[in-house]
Amino acid sequence: MNSRSLKQLSVRATVALWIIFLAFAVCIGSLVRVAIIDGEEYKLKAEKNQLLDTKVSAGRGTIYDANMNVIAKSASAWLVYIVPSKIESDEQRKQIVSMLSETLKIDEETLTQKANRDSNYVKIAGEVEEEQKNKIQDYIKQETKKNKKSKINEIIGIDPDTKRYYPYSNFASTIIGFVNSDDEGTAGIEKKYNSELTGISGRIIAAKNARQSKMASEYETMFAAQEGSNLVLTINEVVQYYLEQSLNQAITDTGAKYAYGIVMDVDTGAILGMTSKPDFDLNSPNTVFSESVLEDLEKIENEEEKKKEKQNALFAQWRNRTISDTYEPGSVFKTVVVSAALEEGVVDLNTKYTCTGSIRVADRTQNCWKLGGHGTETLTEGLMNSCNPFFITIGQRLGKEKFYKYFEAFGFTEKTNIDLPAESVPVPDVTYHSLEKMGISELSSSSFGQTFQVSPIQMITAVSAIANGGKLMQPYIVDSILDTDGNVVKKTNPVVKRQVISEKTASTVAGMMEKVVSIGTGKNAYVAGYHVAGKTGTSEKLNHKGFYIASFAGFAPADNPEIAILIAIDEPEGAHGGGVVAAPIAGEILEKVLTYLNVEPQYEDSEMKNISSTTPQLVGKTVEQAKQIASNYKIKVIGGGKEVVSQTPAASSQIRTGGVIVLYTDETAAKQTVEVPDFNGMTMSQANSAANREGLNVRFSGTTNSSGVNAYKQSVEAGNKVEIGSVITVYFKTSVNVEDN
Amino acid sequence: MASGRNNKYDNFDFSDFEPRQSSYERNAARKLDTAPKSRPSGSKPNMKLVKRPKKSYAQTKSDMKRANLHTAKIIAISLVLLVMMSALLYGRMKVDELDRQIQSKKNELSVAQSENVRLSMKLDSLISLKNVEEYAQNNLGMVKMENYQIEYIDLSGEDKATVSGEKKVKKQTQNKASFISRFMEYMSK
């Protein structure tokens, strides 16, 4: 090999080395870029390509009432969507719309609009149940079978979804709230406890196989979903049912715009029942249920405005007015003023005042609701009569500092902090008079519950403080939080915010409030056997002149209070006094609830007269013997036998003396029925006679121990047929001396 | 050079086994015209043949036997590997199949659980207090129990029994006596 060749070889080798070096440099550079600089990106791409990452949704927790009845529960469901851009012909569009309309019960017009959109994804319906999903899948299979080139399985899609079930529809709807399409709480408990109910979603990371599905479990990493916690409410299904039933009836009877009520455990602050009527069906929260609102919406022609008004109507429908709305408490607030005055010693039970029908405050004359005046009255009588000048005088004696001190202590300047969303916030000089800006006029008007506003939940919390010996409790609605195995994760302990008044003062005021119900303006809330304490209130709306809120707040039994109740009837038509409109409803609810809670009635002698006597045992006796034994009753014999084989009412039933006992002497004799008469408006004796004429017995409920009482309701509706001898309960109320302001 | 067992290679053209020129060299030759001239055909390559040591028949046979054994071993190992591979693949297929079955059953369970919730909720809604009360009152003619129907018994006094109607209570001693007399009568029969 010559030197030239060697030189050439050397040059070539050098060039080759350089090429190799450069190639290596490029490779290393690329490696650095791929591994370090863009490493994360490529890592993610690789993972995405090789791994299957599936989100495992955590089931939303269940909501129970105090008796562990399910109020809200979730289950998996399906979401149906379409891809309109892939629809091949108008005929196909028509077929799809028709099938979906029939299966999902959605009107064809709405579906046609959706199917005409130029879009790659249009949601048709969420929360679709298995049965409906199967029908849609069958349709897809059939269409594909008919025409193998059909893209129907690309046009209609089904994705997993969840559905929240509310078995009792309207039951406590404004408290429970609902979830949106993303399964997030939108109102009520569902919103307030959304994080507890939601849980934490899990993930399954697994290797993909060639079919893009999951490979064997050895490559699988699973992060289990943490199911949402379950909530146990303080709401008692039965108490809530009685409350809602009575308030629904109240809206029908009084023509009121709204009616709301709360039942609270006075010792703990637990809410046993809370409602705001009219409400809505939790299973379709986006439907407006009020017929009058729907009529108003129909009248609006502008679509934009209509949409806006519908949204406003829905917000109004979802509103829990017991915590989000404020109202002038009126005379109910006098219980707070009298508590403060007794606690501060500016008045006592012997304090007397002469009401002339008006009082001069600064440069104005303030009238009493009774223009003729109440005359000279004691402190208890002043509360019983709901005398405004008396309470203006008490407020002035108390002075603005002490008045404000108790106003604040009873919790009217702060939120109650109940565990529900959207509680109204008191605003000084807007919803109430601040100490700095409180003059003699403001002090005077505030003393009888006017010119300021409180929320119903604030008012019942204050009344509960009077009932439980002066302790201001923090109201609450969730009793405990449970994990999926039912173990208690968190238990709500009652919170005593402060001692507002002494036990002695509280007991004195409770006694005065009992008098209000037994012989004062609250007598329509009277329940025989139970000592109900309470106060009525009537207030004209500050921003809506000529419209009133009638209310009643009280507790029972007065000597050992267990439950407090607040009933407010917003804008009733006709009579608008709290004593006439709200007190009878409170009485009905208290009677049912106290019976349900097994609070034993203790009848006074005067009450026993109105109750009845016990029917004797007549079965087995001859007709003659039976007539002799039951000589105080009207006897009606059915059958041709000589011996009594059955009787109605049964032995030991309590009916009024002189009532009807039906004796059957033949076992084969058919039970006779009669039509229940309409007792509405009758006095007690008229109702008794009407019942006896028909062969029925009557039992009196409501206020029966005062003058001017008339029947306003009966346990079995007029016109219904019942067995002869049956006992019908007739409810009475009075319109005499129950006015207040 | 070519003798004995190697005589049969004498007629071979060993140029066929020479390394061929690469295209690079051929191109370079064309361009630079400096490439070495191709060897004239017919000239014999400069070859060196390695002589193998002579083996005896027994040794050759032994070698062949060893070679056959070796081949058998390779085949056996290959077969084992093939079987193992097949078993592994089969196992994977089975696991995949079972995995799909588990998934399918899980889905079925999930659907059944959802259906259970749906039906429970439907049942709950049908037996709500409102529906039960309406049915009891309107269809069964029932009336809700009221306070007056509860009878309280005062147990604060002495123990005594009150029988409704005109039934007379016989003294306990009389009852005992009659029982004993009845028993005696029975025994005497």
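Mentor: Gladly, and bear in mind that this is a predicted model. Helix α16 (residues 388-409) of chain A packs against helix α17 (residues 440-447) of chain A at an angle of about 120°, and their axes are 8 Å apart.

Trainee: What does that make α16(A) relative to α17(A), oblique or roughly perpendicular?
Mentor: That angle makes α16(A) oblique to α17(A), because the roughly perpendicular class covers 65 to 115 degrees. The crossing in which α16(A) passes α17(A) is right-handed.

Trainee: And which residues make the contact?
Mentor: From α16(A) they are Phe391(A), Ile392(A), Ile394(A), Gly395(A), Gln396(A), Lys400(A) and Phe403(A), while α17(A) contributes Leu443(A), Ser444(A), Ser446(A) and Ser447(A).

Trainee: How do the residues of that contact divide into nonpolar, polar and charged?
Mentor: In the contact of α16(A) with α17(A), five residues are nonpolar, five are polar and one is charged.

Trainee: Switching to the whole chain, how many helices and strands does chain A have?
Mentor: The secondary structure of chain A comes to 23 helices and 31 strands. The radius of gyration of chain A is 36 Å, well over the 27 Å given by the globule rule for 741 residues, so the chain is more spread out than a compact globule.

Trainee: What does the C-alpha trace span, then?
Mentor: Along its principal axes, the C-alpha trace of chain A spans about 150 × 80 × 55 Å.

Trainee: And how much of chain A is buried?
Mentor: Of the 741 residues in chain A, 44% are buried. As for contacts in chain A between residues at least 6 apart in sequence, 72% of them join residues at least 24 apart.

Notes: Residues numbered from 1 in each chain as written. Chains lettered and ligands numbered in written order. Predicted model: local features only at pLDDT ≥ 70, side-chain atom pairs only at ≥ 80, totals over all residues. Axes fitted to C-alpha atoms, helices over the stretch in contact; angles between N-to-C directions. Helix = DSSP H or I, 4+ residues; strand = E, 2+ residues; numbered from the N terminus. Parallel < 35°, antiparallel > 145°, perpendicular 65-115°, else oblique. Left-handed = near helix turned anticlockwise from the far one by under 90°. Contact = placed C-beta atoms within 7 Å. Nonpolar A, V, L, I, M, F, W, Y, C, P; charged D, E, K, R; others polar. Rg over C-alpha atoms; globule rule 2.2 N^0.38 Å. Buried ≥ 20, exposed ≤ 12 C-beta atoms within 10 Å, placed from the backbone.
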